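Please keep the structure open while reading this note. The points are numbered so that each can be checked on its own.

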Amino acid sequence: MAVYSKMWEFMNNRKHVFVSSYDEGIRRVRKNKGKYALLIESPKNDYTNERLPCDTMKVGRHLDAKGFGVATLLGSPLKHQINLAVLSLKESGTLMSLQNKWWIQQSQCHSSTKDMTELDDELSLSSLAGIFYILIAGLGLALVIALIEFWWNSRKQAKKSNMSLGEAMRMKARLTMGSARSDEELPRFRNNDRSRSLMDMPKL
């Protein structure tokens, strides 16, 4: 907001920068050769940039994003119908097709390298591909770390309980699946079974 405040203060102190119409402002932009900038709605900006003499351009991103609306009388029955019609045109891609037809296909600046995706405010699958790649890479890294941790804990358990690594890993897997009560119970039961077997052996 500080930037916008400074912009308004600058313009308000120089009344000659204001214009009464878009056409007047566009003429001043073209006449002053880069020494005058016009704050304008993005659709008009994009349309003008595609018209001869092809000497204007959009600078930076949009200051904000606001949609156009269709005004009706308060309580008008047309409100619901218009809302549904506009929503249907937007979801079917008709609005984008019309914008492409009149802004791009009818362009008088054929050397323009602008991409149509810059005019589309909706997120597409291609624009989200990078996020999916990051998620997949993160899941793969998490899986590798989990496997390393599983192997390391199984190795420690095998040394502690004097068993093979494969047996410790199987025991860990059963514990993870809920087939045993805790990491310490199975080794203790195993040691108790060995002691009981030795105690039950008849003395010679």
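1. The link between Cys 54 and Cys 109 is left-handed, with -100° about the S-S bond. This is a disulfide, and its sulfur atoms are 1.8 Å apart. The model, which is predicted, holds one disulfide. Cys 54 sits in the loop between α3 and α4, and Cys 109 in the loop between α5 and α6. The two cysteines are 55 residues apart, and the bond thus connects distant parts of the chain.

2. The loop between α3 and α4 also holds Pro 53. The peptide bond that runs from Leu 52 to Pro 53 is cis, and its omega is near 10°. Most peptide bonds are trans.

3. Most residues other than glycine have a negative phi.

4. Rolling a probe the size of a water molecule over the atoms shows where empty space is left. The largest pocket has a volume of about 1900 Å³. It is lined by 50 residues, and those closest to its centre are Glu 41, Ser 42, Pro 43, His 62 and Phe 68.

5. Which helices each supply at least two residues of the lining of the largest pocket? They are α2 (22-32), α3 (42-49), α4 (78-91) and α5 (94-105). Sorted by class, this lining has 23 nonpolar, 15 charged and 12 polar residues.

6. The second largest pocket contains about 420 Å³ of space. Its lining consists of 15 residues, with Met 11, Val 17, Tyr 36, Ala 37 and Leu 39 nearest the centre. By class, 12 residues of this lining are nonpolar, two are charged and one is polar.

7. The last point is a helix pair. How do α6 and α7 cross, left-handed or right-handed? The crossing of α6 and α7 is right-handed. Helix α6 covers residues 129-161 and helix α7 residues 165-176; their axes come within 8 Å and cross at roughly 115°.

8. On the α6 side, the contact is made by Phe 150, Trp 151, Asn 153, Ser 154, Arg 155, Gln 157 and Ala 158. On the α7 side, the residues are Leu 165, Ala 168, Met 169, Met 171, Lys 172 and Ala 173. Eight residues of the contact between α6 and α7 are nonpolar, three are polar and two are charged.

Notes:
Residues are numbered from 1 along each chain as its sequence is written. This is a predicted model: local features need pLDDT of at least 70, side-chain atom pairs count only at pLDDT 80 or more; totals for chains, interfaces and linings use all residues. Side-chain values use heavy atoms; hydrogens and water are left out. Axes are lines fitted to C-alpha atoms, for helices over the stretch in contact, and angles run from 0 to 180 degrees between N-to-C directions. Helices (H or I, at least four residues) and strands (E, at least two) are DSSP runs, numbered from the N terminus. A crossing is left-handed if the near helix is turned anticlockwise from the far one by less than a right angle, and right-handed if clockwise. Contact means heavy atoms within 4.5 Å. Ala, Val, Leu, Ile, Met, Phe, Trp, Tyr, Cys and Pro count as nonpolar, Asp, Glu, Lys and Arg as charged, and the others, Gly among them, as polar. On a 1 Å grid over the protein atoms alone, a cavity is a set of points where a 1.4 Å probe fits but cannot get out, and a pocket is an open set with protein on both sides within 12 Å along at least five of seven lines; lining residues have an atom within 4 Å of a point. Grid points are joined across faces, edges and corners, and a volume is the space filled by probe spheres set on the points. A disulfide is a pair of cysteine sulfur atoms within 2.5 Å.
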